[in-house]
Amino acid sequence: MTEGTLGVAVVGFGWMGRVHTQAYARVPHHFADLPALRLVAVADDVPGRAEAAATRYGFERATESWRELVDDPEVDAVSITAPNFLHREMGAAFAAAGKHIWIEKPVGLSAEDARAIVGEVRVAVGFNYRNAPAVERARELIADGVIGEVAHARFKFLSDYAAHPDGALSWRFERNRGGNGVLGDLGAHGVDLIRYLLGEIEALVADTAIFIPERPRPAGATKGHERGSGEPGPVENEDYFASLLRMASGARVTLDCSRVAVGEQNSYGFEIHGSKGALFWDFRRMGELGVAAGDDYQDESVKVRFAQSGDGDFGAFQPGAGIPMGYDDLKVIEAARFLRSIREGKPHGATLVDAIRSAEALDALERSVATGAWVRLQNK
């Protein structure tokens with residue numbers, strides 16, 4: 001740290017690396033109490049990508065090798081936004097070197113990978129949907145008993161980013177680099193949101209499917225979800241899964257996730273039903289929370305409550321209810337909480353423990369599919 005200024009590096013500069021970088025730049029605009037930072041370095045092994053990022057976003061230097069940054073005294077904190085299979089090696093190395101880490105989910109390919117990140121550092125994890133102010137209000141309403149005891153809920157994370165059969169066979173579709181497919185990609189978010197709102201998962205059962213078994217290989221380095229034009233190759237991990245969860249509270253929950261859902265673009269949300277009310281949220285209408293609460297039970301009406309000041313960090317962005325926020329705003333909140341955790345020496349936002357719990361549930365989902373049986377979680 002130079003003269004009280006936190007030195008930050010970003011490793012991996014695809015779309016998410018850009019989102020992290022822009023979030024760092026915006027933090028002072030919304031959270032003036034947080035310490036200043038420097039964009040020290042950016043690393044990406046695609047030739048020219050790091051240099052282009054440094055020129056555009058103002059990093060002091062660029063490199064193709066993330067290992068050059070591990071022992072760099074100018075780097076105090078690092079964003080790890082590289083592909084999933086690199087998370088364990090990178091996270092363990094930077095943590096051992098004493099660098100604070102903001103890492104994208106699912107933090108490796110398994111719970112074992114997440115547990116390998118050990119060190120006396122702050123670790124923030126990219127579970128951004130919990131940061132939506134309407135979601136944070138929903139959590140408070142549940143805790144305050146406004147909808148009574150939660151009985152059952154439905155969570156969904158449906159998208160079409162892999163729905164085209166000519167989508168390139170990138171690392172995301174390989175078992176050894178992309179892990180368990182949609183489980184780690186969208187399922188990780190779903191599990192975290194369930195835990196954030198409803199507490200720990202006691203047991204689960206699941207089913208999975210691969211609906212597009214082959215895809216064309218990419219012609220070169222890919223970013224995002226581009227079309228392929230090469231020879232076809234096998235898809236090795238899941239396109240879809242559905243699960244039934246028993247919560248420690250006694251509630252029952254369904255979670256279904258798909259990356260090949262035609263007609264569904266980022267269709268993420270929940271319906272939570274309690275003994276005397278219900279809550280409804282759709283990410284695509286992020287600032288709206290449907291609330292049914294009262295004493296009628298039958299024929300109870302649903303009222304739309306707009307996010308407003310006092311709901312999470314909404315007030316840091318907008319002055320009044322009904323003014324929309326966006327996805328990138330959630331990452332600014334995430335960045336701010338990461339920086340706050342470094343300054344105060346205590347966690348703010350999603351932590352490595354949350355990543356481990358999510359990964360344990362995903363590992364259990366795979367065991368359930370393999371055995372056809374319910375799997376109980378330890379939650380130690």
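Helices (H or I, at least four residues) and strands (E, at least two) are taken here as DSSP runs numbered from the N terminus. The model is predicted, with local features requiring pLDDT of at least 70 and side-chain atom pairs pLDDT 80 or more, while totals for chains, interfaces and linings use all residues. Residues are numbered from 1 along each chain as its sequence is written, and side-chain values use heavy atoms, without hydrogens or water.

On a 1 Å grid over the protein atoms alone, a cavity is a set of points where a 1.4 Å probe fits but cannot get out; a pocket is an open set with protein on both sides within 12 Å along at least five of seven lines, and lining residues have an atom within 4 Å of a point. Points are joined across faces, edges and corners, and a volume is the space filled by probe spheres set on them. Three cavities of 30 Å³ or more are found by this rule.

The second largest cavity, of about 60 Å³, is lined by A124, V125, F127, R130, N131, E334, R337, F338, H348, G349 and A350. Two or more of its lining residues come from each of β6 and α8 (327-344), with α8 giving the most, three residues. Counting Ala, Val, Leu, Ile, Met, Phe, Trp, Tyr, Cys and Pro as nonpolar, Asp, Glu, Lys and Arg as charged, and the others, Gly among them, as polar, this lining has five nonpolar, three polar and three charged residues.

The largest cavity has a volume of about 80 Å³, and its lining divides into four nonpolar, seven polar and one charged residue. Here α9 supplies the largest share, three residues. The second largest pocket holds about 280 Å³ of space and has 18 lining residues, with V121, V123, T351, L352 and V353 nearest its centre. Again α9 contributes the largest share of the lining, three residues.

Turning to the rings, 18 aromatic pairs are present; Phe, Tyr and Trp (its six-membered ring) pair if ring centres lie within 6.5 Å, with planes under 30 degrees apart counted as stacked, over 60 as edge-to-face and the rest as tilted. F155 and F270 form a tilted pair, because their centres are 5.5 Å apart and their planes meet at 40°. Since F155 belongs to strand β7 (residues 150-158) and F270 to strand β13 (residues 267-274), the pair ties together parts 115 residues apart in sequence. With buried meaning under 20% relative accessible area, exposed over 50% and partly exposed in between (1.4 Å probe, protein chains only), F155 is buried at 0% and F270 is buried at 3%.
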